[in-house]
Amino acid sequence: DPRGEELDRWAATLISSEWLDCDIETVKGSTRILCHGFSPRPDLSVVISHSETDAHRQAVLEQIYQSQARKCFHNGFGFDLIQLKLNGFTVENYEWDTQIAQHVMWAELPKSLDYLCSIYTRQPYYKTAGRAEIPEDGKSWDGKFDKTALYEYNGTDTSVTSAVRIAQMEEVKNGPAAWSRKIRDLMDLTGPAIRISLAGLP
């Protein structure tokens, strides 16, 4: 959780990266963001705590999300980008989603991040670490939490997402041409899907 000049230095590193694998954590059952995680590569994660009252931190997060770095999320269109939009953040260059890629390549297999972690990485199972409970949606955290465990969990999520993305991109590169086309088609639909989710039914 860097602050001040340290935050600026890390932000410069993140903004200048080719890829940023991103993840947020929220309070269970709400749109309150607790922290933002970013990985420019699998062995590095930067976690920035969320603060609506810290203008500097908000400005840095906006710079990161709007930077030219290509962004990857796991189920970003179904959760993270919606929560970020509701909190005033716009994400530019959202170009890969590990859940979408898994759906295109291996639709019959599970698509959760813990499953992808188990087949694409050597990271031991970590999903229960630091949680007050395992919530129904498998994503949000209970309002009472250990900040250190929260940041470690968020950082591990982004590192795992980074490793999975790299492995998936190599798999797509060496796989059928239809995989790449289908992933691009579905990524093009994430913008309208997010707008529909935010607007709701008339």
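Here is a walk through this structure, starting with its sheet and ending with its charged pairs.

What you're looking at is a predicted model, where local features need pLDDT of at least 70, side-chain atom pairs count only at pLDDT 80 or more, and totals for chains, interfaces and linings use all residues. Residues are numbered from 1 along each chain as its sequence is written, and side-chain values use heavy atoms, with hydrogens and water left out.

Let's begin with the sheet. It is an open one of five strands, in the order E3-E2-E1-E4-E5, with mixed pairing. E3 and E5 stand at the edges with a single partner strand each, so one side of each has no neighbour in the sheet. On average, neighbouring strands are turned by 30 degrees against each other, direction ignored. A few words on terms: helices (H or I, at least four residues) and strands (E, at least two) are DSSP runs, numbered from the N terminus. Two strands count as paired if DSSP finds at least two bridges between them. As for angles, axes are lines fitted to C-alpha atoms, for helices over the stretch in contact, and angles run from 0 to 180 degrees between N-to-C directions.

E1 and E2 run antiparallel and are joined by six bridges, with threonine 26 standing opposite isoleucine 33 in E2. The hairpin of these two strands has six residues between them, and there glycine 29 takes a positive phi near 70 degrees. Next, E2 is joined to E3 (residues 44–49) by five bridges, again antiparallel. Here the hairpin goes through two residues, and arginine 41 stands opposite leucine 44 in E3. E2 is mostly covered, with eight of its nine residues buried. Buried means under 20% relative accessible area, exposed means over 50%, and partly exposed is in between (1.4 Å probe, protein chains only).

What lies across the sheet? Helix H1 (residues 4–15) lies across E1, E2 and E3, running at about 130 degrees to E3. Helix H6 (residues 147–173) lies across E1, E2, E3, E4 and E5, at about 140 degrees to E1. Contact here means heavy atoms within 4.5 Å.

Helix H3 (residues 76–86) is worth a stop too. Its buried residues are Gly76, Phe79, Asp80, Leu81, Ile82, Gln83 and Leu84. These pack against strands E1 (19–26), E2 (33–41), E4 (70–73) and E5 (94–97), and also against helices H2 (55–65) and H7 (177–199). After H3 comes glycine 88, whose phi is positive, near 90 degrees.

A nonpolar core is a set of buried Ala, Val, Leu, Ile, Met, Phe, Trp, Tyr and Cys residues joined through side-chain atoms within 4.5 Å. The largest one here has 35 residues, and Phe38, Ile64, Tyr65, Phe73 and Leu84 touch the most other members. Leucine 84 touches Ile24, Ile33, His36, Tyr65, Phe73, Phe89 and Val91, not counting residues up to four places away in sequence.

Finally, the charged pairs. A salt bridge is a side-chain nitrogen of Lys or Arg within 4 Å of a carboxyl oxygen of Asp or Glu, and a search of the whole structure finds six. In one of them, aspartate 43 meets arginine 41 at 2.5 Å, N to O. Aspartate 43 is exposed, with a relative accessible area of 60%, while arginine 41 is partly exposed at 43%. Another joins arginine 57 and aspartate 54 (3.1 Å, N to O). There, arginine 57 is buried, with a relative accessible area of 6%, whereas aspartate 54 is partly exposed at 24%.

Then there is arginine 70, which forms a salt bridge with glutamate 95, the closest N and O atoms being 2.6 Å apart. This pair links distant parts of the chain, with arginine 70 in strand E4 and glutamate 95 in strand E5, 25 residues apart. Both count as partly exposed: arginine 70 at 30% relative accessibility and glutamate 95 at 31%. A network of salt bridges links Glu18, Arg70 and Glu95.
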